[in-house]
Amino acid sequence: MRIIHFILGSLILFIDWLTTPKGIQRSAEIQTAVDEQCGNITLYQYKACPFCVKVRRSLKRLSLPVETRDPKRCDNAKKELVSGSGKLKVPCLKVDNGEGDIQWLFDSKEIIGYLERRFVVE
Ligand SMILES: N[C@@H](CCC(=O)N[C@@H](CS)C(=O)NCC(=O)O)C(=O)O
């Protein structure tokens with residue numbers, strides 16, 4: 001079972017690498033503002049989880065420099081995720097809106113929808 005997981009995980013990472021999306025281009029001024037906002041966002045994720053890969057690709061496509069933390073590889077990240085959100089589930093997007101208002105978003109579709117609503121300007 002572990003070997004199957006390893007092979008599938010490696011395949012997912014390879015295909016992701018082969019087909020990495022290009023990031024959107026913004027003016028330097030707007031990108032600086034976006035970068036600043038991304039400082040308040042953290043993605044909890046596993047390297048080879050397909051749902052996490054989907055979210056990371058969306059970060060790449062939207063040119064969002066969001067910090068990623070892996071609860072499998074980092075005990076502190078695991079503690080933060082479990083104590084903050086109540087669950088050990090990835091992907092999870094933590095959004096710190098300031099003044100103690102913290103959102104924990106689960107589900108890749110919901111996370112990608114949130115990022116697109118917030119960062120894609122028509
Ligand atoms: N529908 C979810 C599925 C997420 C999911 O199944 N994540 C797995 C890792 S690949 C997980 O964290 N499982 C632990 C759990 O469900 O408690 C999504 O699209 O994000």
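**Around the ligand and beyond**

The model is predicted, with local features needing pLDDT of at least 70 and side-chain atom pairs pLDDT 80 or more, while totals for chains, interfaces and linings use all residues. Residues are numbered from 1 along each chain as its sequence is written, and side-chain values use heavy atoms, leaving out hydrogens and water.

A nitrogen atom of the ligand lies 2.8 Å from a backbone N or O atom of valine 90, and a ligand nitrogen is 3.1 Å from a side-chain N or O atom of aspartate 107. An oxygen atom of the ligand has a polar side-chain atom of serine 108 at 2.6 Å. Of the 510 Å² of accessible area that the ligand has on its own, the protein covers 61% (Shrake-Rupley method, 1.4 Å probe; for residues, only the protein chains shown count as cover).

The backbone also deserves a look here. Most residues other than glycine have a negative phi, and most peptide bonds are trans. The bond from valine 90 to proline 91, however, is cis, with omega near -5°. Proline 91 belongs to the loop between helix 4 (75-85) and strand 3 (92-96); helices (H or I, at least four residues) and strands (E, at least two) are DSSP runs numbered from the N terminus. Glutamate 99, which is not a glycine, has a positive phi of about 50° and is found in the loop between strand 3 and strand 4. Its relative accessibility of 86% makes glutamate 99 exposed, since exposed means over 50% relative accessible area, buried under 20%, and partly exposed in between (1.4 Å probe, protein chains only). Serine 63 likewise has a positive phi, of about 55°, but serine 63 is buried at 18%.

Next come the aromatic rings. A pair of them is described by the distance of the centres and the angle of the planes. Rings of Phe, Tyr and Trp (its six-membered ring) pair if their centres lie within 6.5 Å; planes under 30 degrees apart count as stacked, over 60 as edge-to-face and the rest as tilted. The count by this rule is 2 aromatic pairs. Phenylalanine 14 and tryptophan 17 are stacked, at 6.0 Å centre to centre and 25° between the planes. These two residues are separated by about one helical turn because they are 3 residues apart in helix 1 (residues 2-18). Tyrosine 44 and tryptophan 104 are tilted, with 5.9 Å between centres and 35° between planes. Tyrosine 44 is in strand 1 (residues 41-44) and tryptophan 104 in strand 4 (residues 102-106), so this pair ties together parts 60 residues apart in sequence. Tyrosine 44 is buried at 1% relative accessibility, whereas tryptophan 104 is partly exposed at 21%.

Charges meet rings as well. Lysine 72 lies over the face of tyrosine 46, 4.4 Å from the ring centre, and the charged end of lysine 87 sits over the ring of phenylalanine 106, 4.2 Å from its centre (NZ of Lys or CZ of Arg within 6 Å of the ring centre and within 35 degrees of the ring normal).

Technical notes:
Polar contact = N/O pair within 3.5 Å; in protein donor to acceptor, adjacent residues only side chain to side chain.
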